[in-house]
Amino acid sequence: MDRVLLFVVIASLFALGFALLRRWQLRRAAQSAPYDALLSALRPGVPTVVYFASPHCAPCRTQQKPILHALQAELGEGVQIVEVNALDDPAAANRWGVFSVPTTFILDREGKPREVNHGVARLAQLKRQLQKVAALQPPSKSSPRQGGRFGTP
Amino acid sequence: MAAERRVDHSAIRTNQSFIIALLSVAFILNVPLLVGFVAVVMIIGTVWPGATLFMRVYRHILRPLGLVRPDVVTDNPEPHRFAQGLGGSFTALSFLALLAGYTALGWALAWMVIVLASLNLFAGWCAGCTIYYLLNRLGAPGFDRQPPKVSE
């Protein structure tokens, strides 16, 4: 019984640590996002995926990038994707609290980071997160979900 | 042009799930022999990839029954084998430490494997693969595979 309790405590501590890390990372990204040069060219009112990768990251090339291509193809103008090479721009990775790649942030239509994914984020997961951030906003006149797309400006 | 190499990540995730589950059970029930069993399975799977017990469960039971769907992607199998070998080595060290009476060290090593396998399973970060590609960049002998290129 003691060992079960110990197992639960240790596993909970790791889970809590991971959850706190995600919160910290989102807060850090939220502090950086309003003034960050990475986001200066974004179209306002459209949800964004900020994707940190590196040339030597195998899952970035083989999994995350094709998934993001599929996402872009499916949602078209309803999503914008910003790719950051964490090796070329370590300052950006530091500003956003990125410590491994691939890491993806989901920003709502106001550019506020709402979700962070460590490792490969699946297509269904990204769509679900984008749907969630789209639902956080009051619907615009142009009907954000029209044609199954998000935030069409 | 070399043929694109593909890896079924569902098989890898099944393998990790078994490792996490069995090492957790070993800790809870205080059964060092189970740690030894996991170490043997991992090391055999590193030397003879086709013989990995947990992946065979996936291939012969879970996949045919439709309980786990295949997730085949362009990838190199070598970094995953290296990761498994690394995990197997730490699990074997854990077992030896437990046998020698260094209980705290033994279970700490087992927990390290549980945590790293969980990071891979739940957060998609493979520590062993990262080390493999780092050694490849440093030109270490035997670490010949670069991250695969994917046509866009």
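Strand S3 of chain A, residues 103–107, is largely enclosed by the rest of the structure, because five of its five residues are buried. The model described here is predicted. From S3(A), A:Thr103, A:Phe105 and A:Leu107 point one way, whereas A:Thr104 and A:Ile106 point the other way, and all are buried.

**The sheet of chain A**

S3(A) belongs to an open sheet of four strands in the order S2-S1-S3-S4, with mixed pairing. From one strand to the next, the twist averages 15°. Strands of a sheet pair through backbone hydrogen bonds, in either the parallel or the antiparallel sense. The pairings in this sheet are listed below.

| Strand pair | Sense | Bridges |
|---|---|---|
| S1(A) and S2(A) | parallel | six bridges |
| S1(A) and S3(A) | antiparallel | five bridges |
| S3(A) and S4(A) | antiparallel | five bridges |

A:Tyr51 is opposite A:Glu83 in S2(A), and A:Val50 is opposite A:Phe105 in S3(A). A:Ile106 has A:Glu115 of S4(A) as its bridge partner. S3(A) and S4(A) form a hairpin with five residues between them, and A:Gly111 in the turn adopts a positive phi of about 85°. Helix H1(A) lies across S3 and S4 of chain A and runs at about 130° to S4(A).

**The contact between the chains**

Chain A contributes 19 residues to the contact and chain B contributes 22 residues. On the side of chain A that touches chain B, the elements giving two or more residues are helix H1 (2–32) and helix H2 (58–75) of chain A. H2(A) supplies the largest share of that side, eight residues. By class, the side of chain A that touches chain B comprises nine nonpolar, seven polar and three charged residues.

**Helix H1 of chain B**

Helix H1 of chain B spans residues 9–29; at 1.5 Å a residue its 21 residues should span 30 Å, which agrees with the 30 Å between its end C-alpha atoms. Its buried residues include B:Ile12, B:Phe18, B:Ile19, B:Ile20, B:Leu23 and B:Phe27, as well as the polar B:Thr14, B:Asn15 and B:Gln16. The cover over the buried residues of H1(B) includes H1 of chain A, together with strand S1 (6–8) and helices H2 (32–47), H3 (53–62), H4 (77–99) and H5 (103–123) of chain B. Just after H1(B), B:Asn30 takes a positive phi of about 55°.

Key
Residues are numbered from 1 along each chain as its sequence is written. Chains are lettered from A and ligands numbered from 1 in the order in which they are written. This is a predicted model: local features need pLDDT of at least 70, side-chain atom pairs count only at pLDDT 80 or more; totals for chains, interfaces and linings use all residues. A residue is buried if 20 or more other C-beta atoms lie within 10 Å of its own, exposed if 12 or fewer, and partly exposed in between; C-beta atoms are placed from the backbone. Two strands pair if DSSP finds at least two bridges between them. Two residues are in contact if their C-beta atoms, placed from the backbone, lie within 7 Å. The expected span of a helix is 1.5 Å times one less than its number of residues. Axes are lines fitted to C-alpha atoms, for helices over the stretch in contact, and angles run from 0 to 180 degrees between N-to-C directions.
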